[in-house]
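Look at the fold below from the inside out.

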Amino acid sequence: MLRPICCAACLLLSPYGYSAQRLAILDFEANDLTSLPNTPAELARTGSIRPLLAQALSRDGAIEIVPITPQQQAAANAGFGYLFRYADQAAKLGRQVGADWVLVGQHSKPSFMFSYLIGDLVNVKTQTAVGQFDIELKGNHRKVTERGVAALAEKIKRKLSRP
């Protein structure tokens, strides 16, 4: 009776057993279309999205966050929206850091009243976007951003848990 349990434990702990999905999250780009674009407060808000998302996604251990430095992201990026538009280029960056998936995101703000978190999930192996997620944020308070990031994290988790 003990033998099957030991075998199962060894399999789970071995490199061939369960392993977390490896996800690289790029810094979100600010796409502020308002008449007063890119204020320091709004840039700080956009800058807070990636760390909040990484924390929310890695909480249960099913997703391992693979770090990408701002320098690595800048070297792979040919301009605003480039990695967002070209999944194959985002996948190359993901492959360089050993990720299975890359999340490329924008914080789009068409109005002072609301904004959107938009994320494309890229499969590094196939070099294709496998899902686009958008979350509407009504208001610009920290709690609004935190709730939006939590909702985005749940959508990403659901997508990654599907076979």
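**Cavities, cores and a helix**

The lining of the largest cavity divides into four nonpolar, three polar and two charged residues. Here Ala, Val, Leu, Ile, Met, Phe, Trp, Tyr, Cys and Pro count as nonpolar, Asp, Glu, Lys and Arg as charged, and the others, Gly among them, as polar. The lining residues are Leu-26, Asp-27, Glu-29, Gln-73, Asn-77, Leu-83, Phe-84, Val-104 and Gly-105.

A cavity is a set of points on a 1 Å grid over the protein atoms alone where a 1.4 Å probe fits but cannot get out, and lining residues have an atom within 4 Å of a point. Helices (H or I, at least four residues) and strands (E, at least two) are DSSP runs, numbered from the N terminus.

This is a predicted model: local features need pLDDT of at least 70, side-chain atom pairs count only at pLDDT 80 or more, and totals for chains, interfaces and linings use all residues. Residues are numbered from 1 along each chain as its sequence is written, and side-chain values use heavy atoms, without hydrogens and water. The pLDDT, the predictor's confidence in each residue from 0 to 100, averages 91 over the chain, and 88% of the residues score at least 70. Over residues 4–17 it is below 50, and this stretch has five contacts (heavy atoms within 4.5 Å) beyond near neighbours in sequence. Where pLDDT is low, the predicted coordinates should not be read in detail.

Now the largest nonpolar core. Such a core is a set of buried Ala, Val, Leu, Ile, Met, Phe, Trp, Tyr and Cys residues joined through side-chain atoms within 4.5 Å; buried means under 20% relative accessible area with a 1.4 Å probe, protein chains only. Of its 23 residues, Leu-23, Ile-25, Leu-53, Leu-57, Leu-103, Leu-152 and Ile-156 touch the most other members. Apart from it lies another core of 17 residues, among them Leu-26, Val-66, Leu-83 and Phe-84. Leu-26, Leu-83 and Phe-84 also line the largest cavity.

Finally, helix 6 (residues 87–96). Its buried residues are Ala-87, Gln-89, Ala-90, Ala-91, Leu-93 and Gly-94. They pack against helix 4 (70–76), helix 5, strand 4, strand 5 and strand 6. Gly-98 follows helix 6, with a positive phi near 80°.

How values were computed: Buried means under 20% relative accessible area, exposed over 50%, partly exposed in between (1.4 Å probe, protein chains only). On a 1 Å grid over the protein atoms alone, a cavity is a set of points where a 1.4 Å probe fits but cannot get out, and a pocket is an open set with protein on both sides within 12 Å along at least five of seven lines; lining residues have an atom within 4 Å of a point.
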